[in-house]
Amino acid sequence: MGHHPGDQPTRRALLLLNPNARRGKVGVETALDRLKAANIELVEPPVPDRDSASEVIVAHAQEADLVIVGGGDGSLNAAAAGLRETGLPFGILPLGTANDLARTLEIPLDLSRAAQVIVEGERRALDLGVVNEKFYFNVASVGFSASLARNLTKEAKKRWGTLGYGLSAARLVSQSRPFTVQIDHDGHTEEVRTFQVSVGNGRHYGGGLVVDETAAPDDGRLDVYSLEVEHWSELLALVPALRLGTLKRWKKVRTFSTTELTIRTRRVHDVNADGDLLTTTPAHFSVRTAAVQVFVPRPGHWARFPFQ
């Protein structure tokens, strides 16, 4: 399985490693050694803070063949604009809490194996969702999960991981109330009372929920759902469908697929995308097809199996 350094031309990779991404994560150094052994030269530019990731990519694009993002969905989101502007392909070392994009792309969460995907994988073009001119990979939501993002402190995320989501979610669900939303899409307007409207570009979000069972990050469309139940307790019944992506079978859930929509609310609501609050309503959504290139496991290849 091992390659000799002489087998491959040297490639230069810009390495953006989120210093807070669960720093104690086992295997980061091993993964970096695996990359170096495959003739990937790692250039680690200083990144003043996560939000400047895209500027750093653009500034250093001339000296790199690819970008490697070590972090969670928020780190990937911060790099999206720079990746799109430079056209550099990127690899993922999943160091986050949820790692939803890695999950969508079937990139192993084991860091050594994720590094091997960057070495031997193939490139896949991905769409980007756009909300008020900001890019996102997975899902953007108005309503309940935006409140969750606001209330889930970094500390709780680090300390409790996905359990932190669960505890905060349970508390927030019981305080949630439906609100009125106007959705404009495909030439008509619908006014609905909802707990949440979500607009998916990818497949996974929220640490293992699925937008729609048919959703893919390169299908050129946005999958939308609106949870129009009367009382928060009814949301609990939807959990299995949220995990499987089968919400369209529920009467009180509106689902549709489109390429553009606008969501308006009476008072300003936050929009949460890829786990962070990116903008506020009114929110205009569109999709940028084949916007970036990512390294993914070759189909039916070693990535599904533990490394020998």
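Predicted model: local features only at pLDDT ≥ 70, side-chain atom pairs only at ≥ 80, totals over all residues.
Local features need pLDDT of at least 70 and side-chain atom pairs count only at pLDDT 80 or more, while totals for chains, interfaces and linings use all residues. Residues are numbered from 1 along each chain as its sequence is written, and side-chain values use heavy atoms, with hydrogens and water left out.

Colleague: In what order do the six strands form the open sheet?

Modeller: Strands are DSSP runs (E, at least two residues; helices are H or I, at least four), numbered from the N terminus. Two strands pair if DSSP finds at least two bridges between them. The pairing here is antiparallel, and the order is S14-S13-S10-S7-S16-S17.

Colleague: Which strands stand at the edges of the sheet?

Modeller: An edge strand has a single partner strand, so one side of it is left without a neighbour in the sheet. The strands in question are S14 (253-258) and S17 (276-280).

Colleague: Which residue in S17 is the bridge partner of Ala-273?

Modeller: Strand S16 (residues 270-273) pairs with S17 in the antiparallel sense over four bridges. In S17, the partner of Ala-273 is Asp-276.

Colleague: Are helices H1 and H5 roughly parallel or roughly antiparallel to each other?

Modeller: Helix H1 (residues 28-37) and helix H5 (residues 111-120) pack at an angle of about 25°, with their axes 8 Å apart. Axes are lines fitted to C-alpha atoms, for helices over the stretch in contact, and angles run from 0 to 180 degrees between N-to-C directions. Angles under 35 degrees count as roughly parallel, over 145 as roughly antiparallel, 65 to 115 as roughly perpendicular and the rest as oblique. H1 and H5 are therefore roughly parallel.
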